[in-house]
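Work through the following exercises with the sequence and coordinates open beside you. Each task is followed by a solution that goes step by step.

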Amino acid sequence: MYFLGVSTAESSVHRIFPRWAQLAGFPGAMLVGRDLPMNAPRECYRAVVEEMLADPDSRGGLVTTHKVAIYEHARDLFAEFDAEAAGLGEVSCMVQRGRRLTGIAIDTVTSGLALRAIVLAWPFRGHVLILGAGGAGLALSVHLFREHKPEQVILSDVSEARLEHATQFTAARCVRVAGPGDNDRLVAALPPGSLIVNATGLGKDRPGSPVSAGVRFPEGTIAWDFNYRGELLFLAYARSQGARAVDGWEYFLHGWSQTLARVLGFELTPELFAAMREAAGER
């Protein structure tokens, strides 16, 4: 199984993968990491997919960070896409059987599973600010409008192109920002009890935070970072003001287990997921 990201060697999945593969009935399965910088040339994305397709032992792979880029630059190397991948224009899961490759987008599923462990009221009816309109942020926005009744969802991003793409799939208010200062103002304008999500990758793939040290979180805020490793400055700022800070560990567990089930081909029952969670141990 392949793992495409920015800094894959640092992921906890390398420690967890053998345990999970054993539990799922695939002892001896191997995980192969491939790193690409953000906004890499088109040829780099294609080279990774072509390498995977040429590997007779490959069953597919998981994509982080480069989900939209893989769809854009290597689309013709896939035999098919599921409705979610085709609709959102991103690939987070690649299922390979021989030379046939299927692109799947599962972030709407995994973000919903992780969200259930975070918010107390279900469905969620409050205000949401999602910092970052890439694949993960867009998927969460889509999930919120499908399964919940949010008062408002705001998507912010520094890229006008990503925001224009997002408007095709979500009713969220899309706001272009120049940097942390603009995000600070969006945070400060939220009512108490809002959900604020870092879906930018800042704090893991790249240093920094989408908000500044001077940000002011409203009372009762839930600050959720899709990252679980790295400096996590966004959560440090939130925690220093008494906000409830939630890292991306739950998101990580659901994302990897759901993808593993599709790539290797097994049923992920609640009992098996509970065993996999226990086997994962601490972060």
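**Exercise 1. A charge and a ring**

Over the face of which residue does R116 lie, and at what distance from the ring centre?

*Solution.* The structure is a predicted model, in which local features need pLDDT of at least 70 and side-chain atom pairs count only at pLDDT 80 or more, while totals for chains, interfaces and linings use all residues. Residues are numbered from 1 along each chain as its sequence is written, and side-chain values use heavy atoms, with hydrogens and water left out. The criterion for a charge over a ring is that NZ of Lys or CZ of Arg is within 6 Å of the ring centre and within 35 degrees of the ring normal. R116 lies over the face of W122, at 4.0 Å from the ring centre.

**Exercise 2. Aromatic pairs**

Find how many aromatic pairs the whole structure holds, and classify the pair of W224 and Y251.

*Solution.* Rings of Phe, Tyr and Trp (its six-membered ring) pair if their centres lie within 6.5 Å, and planes under 30 degrees apart count as stacked, over 60 as edge-to-face and the rest as tilted. A search of the whole structure gives eleven aromatic pairs. W224 and Y251 form one that is edge-to-face, with 6.3 Å from centre to centre and 85 degrees between the planes. This pair links distant parts of the chain, since W224 belongs to strand β11 (residues 222-225) and Y251 to helix α10 (residues 249-265), 27 residues apart; helices (H or I, at least four residues) and strands (E, at least two) are DSSP runs, numbered from the N terminus.

For accessibility, buried means under 20% relative accessible area, exposed over 50%, and partly exposed in between (1.4 Å probe, protein chains only). W224 counts as buried because its relative accessibility is 1%, and Y251 counts as buried because its value is 12%.

Next, W249 and F252 form a stacked pair, at 5.1 Å centre to centre with 20 degrees between the planes. These two residues are separated by about one helical turn, because W249 and F252 are three residues apart in helix α10. W249 is buried, with a relative accessible area of 7%, and F252 counts as buried at 9%. Elsewhere, ring pairs link Y71, F78 and F81 into a cluster.

**Exercise 3. The partners of strand β6**

Determine which strands pair with β6, and in which sense.

*Solution.* Two strands pair if DSSP finds at least two bridges between them. Strand β4 (residues 80-81) runs parallel to β6 and is joined to it by two bridges, with F81 having G103 as its bridge partner in β6. Strand β5 (residues 93-97) pairs with β6 in the antiparallel sense over five bridges, and here C93 has I104 as its partner. β5 and β6 form a hairpin with two residues between them, and G98 in the turn has a positive phi of about 70 degrees. Strand β6 (residues 100-104) is mostly covered, as four of its five residues are buried.
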